[in-house]
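Here are my notes on the model you sent over. Have a look at the structure first, then go through the points in order.

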Amino acid sequence: ATMKMMLKLLFCSLFVLASSACARSAAHGIGLSSEEVLARTKRGGGVFNVQDFGAVGDGKTDNTAAIVKAVEAIAAAGSGQLYFPAGNWLTAPFNLTSRLTLFLDHDATILGSTNIDAWPIIAPLPSYGQGRDHVGPRRAALIGGVNLTDVVITGNNGTIDGQGAIWWQRHHSGAEGDVTRGHLIELMFSNMILMHNVTLRNSPFWTVHPYACEQIAIQHVHIFNPLDSPNTDGIDPDSCRGVAIQNCYISVGDDAIAIKSGWDNAGIEFNRPSAGIAIENLFAETPSSAAVCIGSEMSGGVANVSVSNLRAYNVGAALRIKTAQGRGGYVQNVTYENVSVEKAKVVIEFNEFYGSHPPHYNKSATPIVGNIVILNLTATESIWAYDIEGLPLAPIDTVILNGVNVIKAVNDSVKCTHATHVRAYKTSPPLSCTN
């Protein structure tokens with residue numbers, strides 16, 4: 001029996017590492033060199049300067065109509081660059097088109113309108129069934145698009161600023177009614193998406209939300225939302241395949257990165273997992289939340305995720321997987337490697353008792369979580385090292401730690417319940433679990 005157990009653990013660890021390698025390989029194929037970025041930025045259709053369509057970069061003029069005209073001209077031409085020169089370009093939400101490059105020059109800033117009524121109300125996402133915060137619909141994203149191919153958002157480190165303060169105030173005061181806030185950028189059912197060398201600020205809600213998309217590369221993107229701003233996640237791939245997030249700096253009020261795939265019954269029915277996701281060379285700061293999170297909306301499943309060269313500073317949790325009975329779905333084959341943590345409430349948190357539910361959900365839908373590897377992690381100035389809480393009905397299965405060193409956590413006790421096939425090598429403090 002002992003030999004069988006050892007063979008099973010060896011097989012599982014090799015399987016997880018192979019799956020992680022596949023995720024990294026797929027992401028490297030998606031990630032682009034600087035030369036490839038330049039090639040995609042230069043469009044054959046020409047440059048469409050928003051000023052030529054009547055836009056005024058004074059920070060006061062509503063440029064929505066001018067920007068929409070420029071996008072329509074690019075669609076008619078078949079491709080083109082939507083160019084924002086230096087200035088402050090105030091706009092309500094607008095949609096992009098296929099084969100478009102949105103280019104923000106140095107000192108160019110797109111400003112989200114502070115007119116609440118200028119943000120259209122749209123239907124809930126099919127894998128959520130309602131707005132994430134409320135039972136009703138939701139607001140459109142500042143920059144959106146549906147069923148697109150080959151979209152680039154880039155520039156000379158220009159800025160997209162959602163001016164989210166008015167939305168955060170409404171949220172705190174309960175003035176939103178039954179409508180959930182809009183994201184800063186949301187592309188849906190699209191493929192071949194590149195975001196590169198831009199700064200994103202003050203998102204009303206989640207900052208970057210690719211939804212049901214494929215072939216996504218997000219590189220050299222800086223995201224800044226106030227550390228106390230509500231629900232201002234950095235990057236949330238949601239039911240997406242083939243995602244490379246590389247060399248990004250994220251300082252926000254909620255999860256820096258949260259991988260999702262739908263919420264309870266609606267997510268189970270939508271049945272579109274997030275898979276083949278590689279996160280590399282990330283700095284993350286979020287005092288209340290996680291540097292890298294999976295869930296809690298993961299009802300369509302999440303698989304083959306690789307996180308490497310992560311620096312987590314001043315975080316609620318460095319590595320977090322969160323789900324709950326009633327979610328269904330699965331989280332499988334996740335590898336974290338070369339992680340540096342400074343100032344965390346908890347370093348490693350896998351919690352299957354987390355998250356709210358919509359009014360109607362299947363309480364018997366049990367999530368399956370397992371095949372997780374953590375290699376070479378060092379943490380200082382932390383409160384808890386481990387908080388691993390699986391479900392009695394379906395314990396977290398196969399967790400392997402190697403070279404994990406949490407130095408002098410304030411609370412040196414270890415919480416690990418309902419987790420099977422947990423092995424820790426060269427790890428401090430020691431990890432053992434009860435079931």
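Which residue in β12 does Gly144 stand opposite? Gly144 faces Glu186 there. Before going on, a word on the source: this is a predicted model, where local features need pLDDT of at least 70 and side-chain atom pairs count only at pLDDT 80 or more, while totals for chains, interfaces and linings use all residues. Residues are numbered from 1 along each chain as its sequence is written, and side-chain values use heavy atoms, with hydrogens and water left out.

1. The sheet. Four strands make an open sheet in the order β4-β9-β12-β14, paired in parallel. Strands here are DSSP runs of E, at least two residues, numbered from the N terminus, and two of them pair if DSSP finds at least two bridges between them. The edges are β4 (94–95) and β14 (208–211); each has a single partner strand, so one side of each is left without a neighbour in the sheet.

2. Around β12. Strand β9 (residues 143–146) is joined to β12 (residues 185–188) by 4 bridges, running parallel. β12 also pairs with β14 in the parallel sense, again over 4 bridges, and in that pairing Ile185 stands opposite Val208. In a regular strand the side chains alternate between the two faces of the sheet. Both faces of β12 are covered: Ile185 and Leu187 are buried on one side, Glu186 and Met188 on the other. Buried means under 20% relative accessible area with a 1.4 Å probe, protein chains only.

3. The nonpolar cores. A core is a set of buried Ala, Val, Leu, Ile, Met, Phe, Trp, Tyr and Cys residues joined through side-chain atoms within 4.5 Å. In the largest one, with 94 residues, Leu82, Leu102 and Tyr336 touch the most other members. Apart from it lies another core, of 8 residues, including Leu125, Tyr128, Met188 and Ala212.

4. The cavities. A cavity is a set of points on a 1 Å grid over the protein atoms alone where a 1.4 Å probe fits but cannot get out, and lining residues have an atom within 4 Å of a point. Volumes are the space filled by probe spheres set on the points, which are joined across faces, edges and corners. The count is 3 cavities of 30 Å³ or more. About 90 Å³ is the volume of the largest, and its lining includes Leu125, Tyr128, Arg132 and Trp206.

5. The second largest cavity. This one has a volume of about 50 Å³. Its lining has 8 nonpolar, 1 polar and no charged residues, counting Ala, Val, Leu, Ile, Met, Phe, Trp, Tyr, Cys and Pro as nonpolar, Asp, Glu, Lys and Arg as charged, and the others, Gly among them, as polar. β14 gives the most to this lining, with 3 residues. Ile185 and Val208 are among the lining residues.

6. The largest pocket. A pocket is an open set of points with protein on both sides within 12 Å along at least five of seven lines. The largest holds about 220 Å³ of space. Of its 15 lining residues, Arg132, Asn231, Asp254, Glu297 and Lys322 are the closest to its centre. By class, the lining has 3 nonpolar, 4 polar and 8 charged residues.

How values were computed: Buried < 20%, exposed > 50% of the residue type's maximum accessible area, 1.4 Å probe, protein only.
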